[in-house]
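Open the model in your viewer and keep the selection panel to hand. The tour goes stop by stop.

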Amino acid sequence: MLRSLFLQSLFFITAFILLSSLREMSMLSKDTVIENNSVAEGIKYQTTTGELRSVSASGKTTILYFFAPWCQICHASISNLQSVFENNAHIDVIAIALDFSSEKAVYNFISQHQLTFPVVFGTEQLKQQYAITAYPSYYVLDMNNKITARSLGYSTELGLYLRTLTL
């Protein structure tokens with residue numbers, strides 16, 4: 001019985017890792033440099049505080065978090081991202097709202113989760129340029145704007161933090 005449970009667990013974990021890897025293949029590849037790619041091009045996007053901000057790293061390791069306000073997994077994982085931001089001064093976070101029905105929906109999401117990092121109103125063009133096909137999607141950029149990690153779906157605070165480490 002214990003052996004059967006172990007084999008079932010091993011099968012489930014292997015299938016999960018394989019499916020996650022297949023889904024991540026549609027994302028921009030690791031080692032893509034954002035500044036030298038058509039993604040950045042110096043374009044700035046409006047934040048929810050009215051500032052203009054580029055969606056790239058500016059001297060710090062940066063997590064780009066693409067979300068939709070209606071996404072339940074985004075609601076479940078955003079507090080982990082907030083904790084990473086609050087507890088690690090060397091990590092910057094930029095959230096990019098996509099597929100929102102109204103700006104009010106984005107403001108409600110921010111308020112509900114008491115977010116303190118910048119949130120950008122994304123566009124369909126930005127969604128396509130970063131190859132976003134599911135929510136939440138994460139990219140980790142090093143200080144030189146090179147993608148060092150990427151992920152789709154829920155991530156724990158530890159998982160987010162570990163992705164920011166450059167080995």
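**Stop 1: a serine and its partners**

Select Ser-155 and Arg-163: their side chains make a polar contact at 2.5 Å (N or O atoms within 3.5 Å, one able to donate a hydrogen and the other to accept it; residues adjacent in sequence count only if both atoms are side-chain atoms). This is a predicted model, where local features need pLDDT of at least 70 and side-chain atom pairs pLDDT 80 or more, while totals for chains, interfaces and linings use all residues. Numbering runs from 1 along each chain as its sequence is written, and side-chain values use heavy atoms, without hydrogens and water.

Ser-155 lies in the loop between strand E7 (147–152) and H5. Helices (H or I, at least four residues) and strands (E, at least two) are DSSP runs, numbered from the N terminus. Is Ser-155 buried or exposed? Ser-155 is buried, at 3% relative accessible area (buried is under 20%, with a 1.4 Å probe and protein chains only). Beyond four places in sequence, its contacts (heavy atoms within 4.5 Å) include Ser-77, Asn-80 and Tyr-138.

**Stop 2: helix H2**

Now select residues 72–87, helix H2. Look for a kink of about 30°, centred on Ile-78 (the angle between axes fitted to the seven residues ending there and the seven starting there). Ser-77, Ile-78 and Asn-80 are among the buried residues of H2. The buried residues of H2 pack against E3 (61–67), E4 (91–97), H3 (103–113), E6 (137–141) and H5 (157–164).

**Stop 3: Leu-64**

Finish on Leu-64. Outside four places in sequence, Leu-64 touches residues including Val-55, Ile-94, Ile-96 and Tyr-138.

Note on methods: Expected span 1.5 Å × (residues − 1). Buried < 20%, exposed > 50% of the residue type's maximum accessible area, 1.4 Å probe, protein only.
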